[in-house]
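Work through the exercises below with the sequence and the model at hand. Try each task before reading its solution.

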Amino acid sequence: PKEPEALGRKEQLSVKKLRVVLFALCSNTEQAAEHFRNPPRRIQRWLRRFQTCQGETLEGKYLSLEAEEKLAEWVLTQREQQLPVNEETLFQKATKIGRSLEGGFKISYEWAVRFMLRHHLSSHTRRAVAQPLPKGVQDSAGSFIEFVQRQIHTQDLPLSMIGAVDELSLFLDVEVLGSEDRKENALQTVGNGEPWCDVVLTILADGSVLPALVLYRGRLRPPASVPDSILLEAKEGGYSDDEAMELWAARVWHKHTSCQGSKGMLVLDCHRTHLSEEVLAVLSSSSTLPAVVPAGCSAKTQPLDVCVKRSVRSFLHKKWKEQAKEMADSTCDSDILLQLVLCWLAEALQVIGDCPELVQQSFLVASVLPGPDGTANSARRNGDMQEELIASLEEQLRLNEEHPEEQRGQGKEGSQAQEEPADPEMLQQLFEGESEAESFYGFEEAELELMEM
């Protein structure tokens with residue numbers, strides 16, 4: 001029989017598999033599966049396996065808890081701005097924060113995966129409102145929630161005048177779009193540089209959905225039609241944050257509030273909205289108090305982040321992936337893609353507009369509104385509700401439907417994955433041939449290339 005210590009070492013994931021798991025935590029399992037050509041269920045199995053053998057203490061110099069919380073805050077704010085959080089950016093930021101450590105900072109994929117799990121930073125969690133935040137961010141979230149609930153109570157604000165606004169940016173790689181291969185990678189919802197277009201979404205606490213403002217960066221050839229639920233603006237040089245919010249305030253919010261005759265409150269993101277004098281003037285003229293979400297708190301306190309925005313993002317990505325396969329051998333330019341995106345966005349808004357209870361409960365789960373009895377729900381209850389809301393909207397948008405060719409493609413792997421091995425010895429046999437070598441960011445790509453499975 002093997003010694004216990006040797007068995008413990010054997011259960012650890014190899015560097016190659018840790019790298020795949022880290023990719024899945026930074027983005028999501030589906031993207032990791034596509035990038036590394038491994039079935040999603042296998043990656044999920046690796047993640048569960050890693051979680052069962054985390055007990056050992058890592059050797060070497062690592063970040064203090066205070067430094068890790070600073071890094072966790074950075075991850076949260078990056079995601080709020082739709083900026084990349086990946087192996088490269090994470091390790092670069094960690095190295096910068098760890099420079100003060102005497103003797104340097106030891107970076108490894110094992111540490112990175114543990115860090116992401118320890119601070120509940122998986123980007124695809126369905127219970128984000130229930131997850132603890134870094135202490136400084138948690139304190140800011142608590143103060144924000146107390147402020148908005150107090151204002152709603154003391155000002156006696158009607159639900160129709162309590163709104164949330166946020167942007168969803170789309171990034172386009174024109175070269176990939178014009179190629180004959182991998183067209184589905186041309187349109188992304190995370191990226192550096194200027195977005196191809198921005199979608200400004202607005203929901204109300206009474207369950208209503210206001211028209212979405214689409215800001216297109218480029219010269220516009222008038223589309224055949226723009227759906228009623230969408231307002232389209234185009235400018236060749238694009239719009240600054242101030243200009244975007246000024247357009248939204250004038251075309252969407254002012255039009256809504258002009259017929260309400262009541263004070264209001266607007267929940268908005270501090271990173272996406274640099275409130276100019278013009279925007280503040282529009283909000284002031286409509287008696288609207290801006291409630292600016294503190295940095296890093298959007299996942300917990302922004303009603304649009306609870307369910308709606310992530311589902312719209314997933315829906316647009318799914319529709320484009322399907323469309324890209326159909327037109328793999330044909331041409332597609334930016335104007336054609338814009339027309340498609342407008343149609344898909346209108347379809348998603350129609351589904352969301354038909355689910356007013358879901359929109360209303362998003363404000364409750366984000367703690368912008370108190371519970372029915374006047375007190376806030378527990379974190380666990382809010383997490384349960386968020387899971388239910390996401391599942392409900394994804395079902396309405398048919399995000400979980402698999403195409404016949406995808407089902408056929410799963411083949412034997414898919415059927416085998418239904419039976420999850422629970423016995424540690426079975427897990428050990430399944431991954432018998434793994435390497436135990438340590439590796440670090442910065443090695444040659446060939447050294448980290450996945451083994452053929």
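**Exercise 1.** State what share of the contacts with a separation of 6 or more joins residues 24 or more positions apart.

*Solution.* Take contact as heavy atoms within 4.5 Å. Residues 24 or more positions apart then account for 75% of those contacts in the chain. This is a predicted model, where local features need pLDDT of at least 70, side-chain atom pairs count only at pLDDT 80 or more, and totals for chains, interfaces and linings use all residues. Residues are numbered from 1 along each chain as its sequence is written, and side-chain values use heavy atoms, without hydrogens and water.

**Exercise 2.** Describe how helix 10 and helix 11 are oriented.

*Solution.* Find the axes, which are lines fitted to C-alpha atoms over the stretch in contact, with angles from 0 to 180 degrees between N-to-C directions. Those of helix 10 (residues 241–257) and helix 11 (residues 277–285) come within 9 Å and cross at roughly 20°. Helix 10 is therefore roughly parallel to helix 11, a term for angles under 35 degrees. Now list the contact: helix 10 gives Asp242, Met245, Glu246, Ala249, Trp253 and His254, and helix 11 gives Glu278, Val279, Val282, Leu283 and Ser285.

Definitions and conventions. Helices (H or I, at least four residues) and strands (E, at least two) are DSSP runs, numbered from the N terminus. Angles under 35 degrees count as roughly parallel, over 145 as roughly antiparallel, 65 to 115 as roughly perpendicular and the rest as oblique.
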